[in-house]
Amino acid sequence: MKKSDLPGLKKIQISSIFYALSDPARIEIIRELLEHEEITCGECKSNLSKSTMSHHFKVLRETGFIEKREEGKTHYISLRVDEIEKRVPGLIEVLRSLKSPL
């Protein structure tokens, strides 16, 4: 997905954001990104299968939480903090303050 293919601020649906946050694994991914800003898909600390992680990344990307950047064969993901904060003010701080859900 190219940066231009990401949902714009007005297209980020509140219901989609809460759906994305309904899974503890996705919250953990978001929390890791809050700590590290950008990570490779393989750097996510999870015991989940590669296909399950790909699904979670896809949900977060389509919701507008994350964006992906490719450099050769390596895929980097980062959190769209500014866009999410503009759409749902205070949400990022709430996510930062959560205890680990897993």
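This is a predicted model: local features need pLDDT of at least 70, side-chain atom pairs count only at pLDDT 80 or more; totals for chains, interfaces and linings use all residues.
Residues are numbered from 1 along each chain as its sequence is written, and side-chain values use heavy atoms, with hydrogens and water left out.

Labels next. Helices (H or I, at least four residues) and strands (E, at least two) are DSSP runs, numbered from the N terminus. Two strands pair if DSSP finds at least two bridges between them.

Back to that pair. E2 and strand E3, residues 74–79, are joined by 6 bridges and run antiparallel. Another partner of Ile 77 in E3 is Lys 68. E2 and E3 make a hairpin, with 2 residues between them. In the turn, Gly 72 has a positive phi of about 65°.

Ile 39 has Ile 77 as its bridge partner.

What is the order of the strands in the open sheet? It is E1-E3-E2, 3 strands with antiparallel pairing. Strand E1 (38–40) and strand E2 (66–71) stand at the edges. Each has a single partner strand, so one side of each is left without a neighbour in the sheet. From one strand to the next, the twist averages 30°.

What lies across the sheet strands E1, E2 and E3? Helix H2, residues 24–36, and it runs at about 90° to E3. For angles, axes are lines fitted to C-alpha atoms, for helices over the stretch in contact (heavy atoms within 4.5 Å). The angles run from 0 to 180 degrees between N-to-C directions.

Glu 37 sits in the loop between H2 and E1. Its phi is near 65°, a positive value in a residue other than glycine. Buried or exposed? Glu 37 is exposed, with a relative accessible area of 64%. The cut-offs: buried is under 20% relative accessible area, exposed is over 50%, partly exposed is in between, with a 1.4 Å probe and protein chains only.

Compare His 56, in helix H3, residues 50–63. At 5% relative accessibility, His 56 counts as buried. Leaving out residues up to four places away in sequence, His 56 touches Asp 23, Ala 25, Arg 26, Ile 29 and Leu 48.

We use a 1 Å grid over the protein atoms alone. A cavity is a set of points where a 1.4 Å probe fits but cannot get out. A pocket is an open set with protein on both sides within 12 Å along at least five of seven lines, and lining residues have an atom within 4 Å of a point.

There is 1 cavity of 30 Å³ or more. The largest cavity has a volume of about 50 Å³. Of the 10 residues lining it, the closest to its centre are Ala 25, Glu 28, Ile 29, Lys 45 and Ser 46. H2 gives the most to this lining, with 4 residues.

The largest pocket has a volume of about 160 Å³. Its lining is Cys 41, Gly 42, Cys 44, Ser 46, Leu 48, Lys 50, Met 53, Ser 54 and Phe 57. That's it from me.

Conventions. Grid points are joined across faces, edges and corners, and a volume is the space filled by probe spheres set on the points.
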